[in-house]
Amino acid sequence: MRLTGPPPRGEGCGVQVFLETGRLVLRRFTESDVDNLVELDGDPQVIRFINGGRPTPREEIENDFLPAFLDYYRRFTGYGFWAVIEKSSGAFLGWFHLRPPPGGSPDEPELGYRLRRSAWGKGYATEGSRALIRKAFAELGARRVFAETMVVNVGSRRVMEKAGLRFVRVFHQPWPYPIEGEEHGGVEYALDRAEWEQQEAEAAGAYRPAP
Ligand SMILES: CC(C)(COP(=O)(O)OP(=O)(O)OC[C@H]1O[C@@H](n2cnc3c(N)ncnc32)[C@H](O)[C@@H]1OP(=O)(O)O)[C@@H](O)C(=O)NCCC(=O)NCCS
């Protein structure tokens, strides 16, 4: 979808918007986002629970990460990685993904997010996650949306809960990097279509539990 109105401040013409929330624009990444991603992944606090806090080298962003992000737009309609822009400032805040996991089913997308530290604590991850979950079920034909994080990533788990996902399981897998708290494992949260429809009905005040 092309942006029909004026582009968000700080963004050039031709920006391809995926969706908007009250405070955020989620747009496609472009090849011009290298610096944004280098800065995001350059903060050890941001990637603490991703790789133990090792800043991602620029070459990896240029040669691996960004090409992979861009490839999603070729491979899928509606799924991929989306750059987050703060409407009020035009600033790049980070990204969300809603994508079939590698080797996974296209109707069972995985939600994920990574925001710069200055954007934390404002409800942005919850706001974007809710909008993506809605998009997945209402427009993209998803059967189930899930998300995973480390057990010890309390902030990420809270976002999942606030976005309406439900705890599914704790799992253990080898992590490619040593990460503080890895011995506690990972956790999966998910929501299926029927649960989402029930949440929507409750939110609209239409849901009446059976007597
Ligand atoms: C996890 C992250 C996305 C949260 O983003 P955010 O925009 O600050 O989250 P929100 O403001 O929507 O907060 C949602 C809830 O989580 C809570 N929360 C957020 N970070 C928290 C933390 N570090 N510890 C405890 N609670 C936290 C908030 O208080 C809020 O709950 P409340 O309304 O009950 O108070 C952000 O910290 C981040 O990008 N971290 C680095 C990357 C990362 O770990 N991504 C997840 C990998 S799986």
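Helices (H or I, at least four residues) and strands (E, at least two) are taken here as DSSP runs and are numbered from the N terminus. The model is a predicted one, in which local features need pLDDT of at least 70 and side-chain atom pairs count only at pLDDT 80 or more, while totals for chains, interfaces and linings use all residues. Residue numbers start from 1 along each chain as its sequence is written.

On these terms the chain has six helices and eight strands, and their order along the sequence is β-β-α-α-α-β-β-β-α-β-α-β-β-α. The C-alpha trace spans about 60 × 50 × 35 Å along its principal axes. The radius of gyration, taken over C-alpha atoms, is set against a globule rule of 2.2 Å times the number of residues to the power 0.38; for 211 residues a compact globule would have a value near 17 Å, and the chain, with 17 Å, agrees.

Of the 211 residues, 28% are buried, a residue being buried if 20 or more other C-beta atoms, placed from the backbone, lie within 10 Å of its own. Among contacts with a separation of 6 or more, 59% join residues 24 or more positions apart, where contact requires C-beta atoms, placed from the backbone, within 7 Å.

Around the ligand stand 21 residues, of which A125, T126, T149, G155 and R158 come nearest; the elements that give two or more residues to this shell are strand 5 (110-115), helix 4 (124-138) and helix 5 (154-162). Helix 5 gives the most, with six residues.

Notes:
Buried ≥ 20, exposed ≤ 12 C-beta atoms within 10 Å, placed from the backbone. Contact = placed C-beta atoms within 7 Å. Near = placed C-beta within 6 Å.
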